[in-house]
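Please read these notes with the model open beside you. They cover the chain as a whole and then the strand pairing.

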Amino acid sequence: PKLCGGCAMRKVCMPSNLNAGELLRFEDCAHTRRRIRAGQHLHHAGDVCDSLHAVRSGFIRTSIVSDDGREQVTGFHMMGEVIGIDMMGGGMHSTDAVAG
């Protein structure tokens with residue numbers, strides 16, 4: 001099934017000038033719909049990044065743990081934002097991502 005092409009949020013979270021081939025390649029990287037509850041992890045630091053995630057509602061908080069064990073929030077990702085683009089290509093997540 002088409003994930004991004006049929007999504008009502010397409011114009012919010014992805015470039016509008018993608019041609020059909022580019023859209024198909026983008027969809028190959030997009031994760032299927034997945035609902036996570038507040039407090040659940042989307043991914044952990046060190047996990048292999050093999051998909052993209054678009055925030056459809058709520059928010060995702062990303063954070064790192066400092067050398068002395070304190071959590072440092074690095075971002076809040078809200079509706080329409082795509083998570084994982086910076087780590088595509090076999091990289092590993094450098095942050096924990098938790099639903100808020």
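1. Basis. The model is predicted, so local features require pLDDT of at least 70 and side-chain atom pairs pLDDT 80 or more, whereas totals for chains, interfaces and linings use all residues. Residue numbers start from 1 along each chain as its sequence is written, and side-chain values use heavy atoms, with hydrogens and water left out.

2. Elements. The chain has two helices and six strands; from the N terminus the order is α-α-β-β-β-β-β-β. Helices (H or I, at least four residues) and strands (E, at least two) are DSSP runs, numbered from the N terminus.

3. Burial and surface. Of the 100 residues in the chain, 32% are buried (under 20% relative accessible area, 1.4 Å probe, protein chains only).

4. Contacts. Among contacts (heavy atoms within 4.5 Å) with a separation of 6 or more, 62% link residues 24 or more positions apart.

5. Val 65 has Glu 71 in E4 as its bridge partner. Five residues lie between the strands of this hairpin, and Gly 69 takes a positive phi near 90°.

6. A further partner of E3. Strand E6 (residues 96-99) pairs with E3 over four bridges, in the antiparallel sense. Here Ala 97 in E6 stands opposite Thr 62.

Terms used: Two strands pair if DSSP finds at least two bridges between them. Buried means under 20% relative accessible area, exposed over 50%, partly exposed in between (1.4 Å probe, protein chains only).
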